[in-house]
Amino acid sequence: MSMDLNDYAIIKEGEAEILMHAKNEVFYNKTQVNNRDMSIAVLRTFISTRKQEYEALLSKRNKSAPKVHEKNGSVSDVEDKRSEFDMNNERKNEECEGPEEKTQEEPCTTAEEPVKTDGKVRGELKPPRVLEALSASGLRALRYAREVEGIGQVVALDNDKGAVEACQRNIKFNGSVACSKVESHLADARVYMLTHPKEFDVVDLDPYGSPSVFLDSAVQSVVDGGMLMCTATDMAVLCGGNGEVCYSKYGSYPLRGKYCHEMALRILLACIESHANRYKRYIVPVLSVQMDFYVRVFVRVYSSASAMKNTPLKLSYVYQCTGCDSFHLQPIGRTVSKNTSVRYLPGFAPVVRQECSDCGKKFNMGGPIWSASIHDQEWVTAILADVKSMKERYPAYDRISAVLTTISEELPDVPLFLSLHNLCATLKCTSPSAVIFRSAVINAGYRISGTHVNPLGLKSDAPMDVIWDIMRCWVKNHPVKAQPADQPGSVILAKEPDLQANFARAVASLSKAQAKKVARFLPNPERHWGPKLRAGRQITSKHISLLGEEAVNGCLNHQDGERDAKRQKTEKTEDATAIS
């Protein structure tokens with residue numbers, strides 16, 4: 001098929017280059033360079049971790065393998081068995097579904113048949129297969145293939161014919177490496193994943209909007225111990241703008257608080273866990289980030305009927321006071337241990353009274369959300385070290401390193417966070433500095449940290465009554481004007497503090513990154529850094545807020561030029577017809 005190169009612009013990101021048509025035919029968003037860089041960093045760590053886990057498993061098997069020279073000279077059954085890693089990474093997963101037949105997809109993800117040498121089992125781990133379920137231009141798949149060492153086949157899907165043609169064109173444009181590793185298919189991602197169960201080591205979902213319709217098939221397509229990467233850009237829904245829509249898509253009701261973006265992450269994780277549980281599977285989050293205009297989670301998927309029983313312990317409802325910033329978590333389940341047995345029971349309720357004990361107002365209830373840890377700190381440390389070791393290979397190095405640095409300092413076991421400015425707004429008082437407030441919490445015997453979601457957010461394991469006691473002590477030293485008695489701030493300040501706060505500077509009041517003055521929250525690199533227009537829609541002047549004036553004017557001028565050329569061609573044809 002012939003094409004005019006003048007209609008295309010070459011876009012380079014990392015080591016990949018793509019041809020983008022001047023029309024908005026195939027979706028591409030420059031802003032997502034942060035997303036793609038973060039995904040590459042996680043994928044590199046996943047490949048190295050997968051290799052370490054496999055080697056550790058082989059080493060364990062080799063130690064327990066019988067020696068070759070037995071009394072009867074026979075060889076053990078080791079030769080006839082696949083390694084435990086071949087049976088989808090963990091032997092414990094067998095208890096999920098009992099004995100399974102060997103399927104055709106096993107060789108795609110596991111090692112080749114183990115080789116017996118001196119009574120030991122040695123196998124070769126096959127490169128991981130990656131599925132990009134919604135590829136559009138194929139830029140993400142091309143970057144995976146060209147930049148991630150040790151990666152196997154990358155399958156790029158799209159159900160739009162124009163997108164698949166663009167992806168195939170870009171594969172050829174990127175040379176032999178891309179042609180040998182990346183393949184593009186016209187297919188419905190949901191059907192493709194359902195018909196390829198447990199076949200891919202990594203499944204990447206990055207849809208335009210909500211990923212909810214893809215989750216059920218995605219959790220089935222990942223091998224045991226594999227990685228599911230998922231993006232959600234419908235933040236207005238996830239952050240409480242349309243709570244009923246969020247419930248219909250994700251099975252959870254959002255609350256509109258300062259922590260709404262972290263709650264969006266936890267709603268998405270709870271939704272993925274729910275889909276995984278239907279197939280006796282469960283997830284382990286390794287990294288969850290909120291950046292720009294979206295949330296992105298990286299979870300490993302395992303199969304285990306027994307481990308799946310712990311899911312209610314990881315989910316909670318949230319009670320948010322309508323008058324002040326107090327919030328409380330209601331776990332869905334609990335366990336009771338007796339000797340070696342464990343019983344799973346409903347959680348104790350209610351955790352709050354009908355009226356807030358601090359200000360007397362009612363509660364809104366949201367959830368359920370994922371209340372367990374949303375990061376694996378070992379993974380975060382490894383990813384950050386990898387990013388710093390090859391920063392020249394990450395176009396968005398400054399941004400992703402800043403986000404990872406902040407995440408590495410978060411309290412991993414504290415869901416949601418408080419906003420110091422909101423606490424002060426409730427009391428109508430001047431705000432203490434973050435260092436002073438952190439010191440008071442630390443001096444009271446509790447932990448506190450920042451959050452990557454909000455520069456003003458503070459995570460702490462201190463209960464809300466301790467937080468309000470600290471603020472009461474602050475207001476005593478910094479008096480406020482009298483407020484009406486029925487205001488939440490007045491009700492809170494009317495109570496005497498049970499705790500006498502100590503505002504002396506604590507050693508740990510500054511994180512290591514803050515002490516070293518490492519940048520943690522960076523401004524957008526350019527204007528109009530955000531979501532872009534969906535592919536196929538005609539760009540008009542109303543899209544200036546999304547794309548910028550120059551981009552819109554350039555596109556409109558190009559469209560006008562095309563119309564003029566078409567008009568001139570039509571006029572010439574009509575003139576030639578009239579002369580003849």
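**Close-up 1. Y344 in strand β15 of the predicted model.** Here we visit Y344, whose place is in strand β15, a run that covers residues 341-346. Y344 is partly exposed, because its relative accessible area of 36% lies between the 20% and 50% cut-offs. Together with L313 and V342, Y344 makes a nonpolar surface patch. The area of this patch is about 240 Å².

**Close-up 2. E262 and the residues around it in the predicted model.** Next, let us look at helix α11, which spans residues 260-277 and contains E262. E262 has a relative accessible area of 1%, so this residue counts as buried, the limit being under 20%. Leaving aside residues up to four places away in sequence, E262 touches V414, P415, L416 and F417, along with T451, V453 and K459. With K459 there is also a polar contact: the side chains of E262 and K459 meet at 2.8 Å.

**Close-up 3. The hairpin formed by β1 and β2 in the predicted model.** Our last stop is a pair of strands, β1 (residues 8-13) and β2 (residues 16-21). These strands pair in the antiparallel sense, and six bridges link them.

Definitions and conventions:
Residues numbered from 1 in each chain as written. Predicted model: local features only at pLDDT ≥ 70, side-chain atom pairs only at ≥ 80, totals over all residues. Heavy atoms only, no water. Helix = DSSP H or I, 4+ residues; strand = E, 2+ residues; numbered from the N terminus. Buried < 20%, exposed > 50% of the residue type's maximum accessible area, 1.4 Å probe, protein only. Polar contact = N/O pair within 3.5 Å; in protein donor to acceptor, adjacent residues only side chain to side chain. Contact = heavy atoms within 4.5 Å. Patch = residues over 30% accessible without salt bridge, like charges linked within 9 Å, V, L, I, M, F, W, Y side chains within 5 Å. Areas by Shrake-Rupley, 256 points an atom, 1.4 Å probe, with all protein chains shown as cover. Salt bridge = Lys/Arg side-chain N within 4 Å of Asp/Glu carboxyl O. Pairing = 2+ DSSP bridges.
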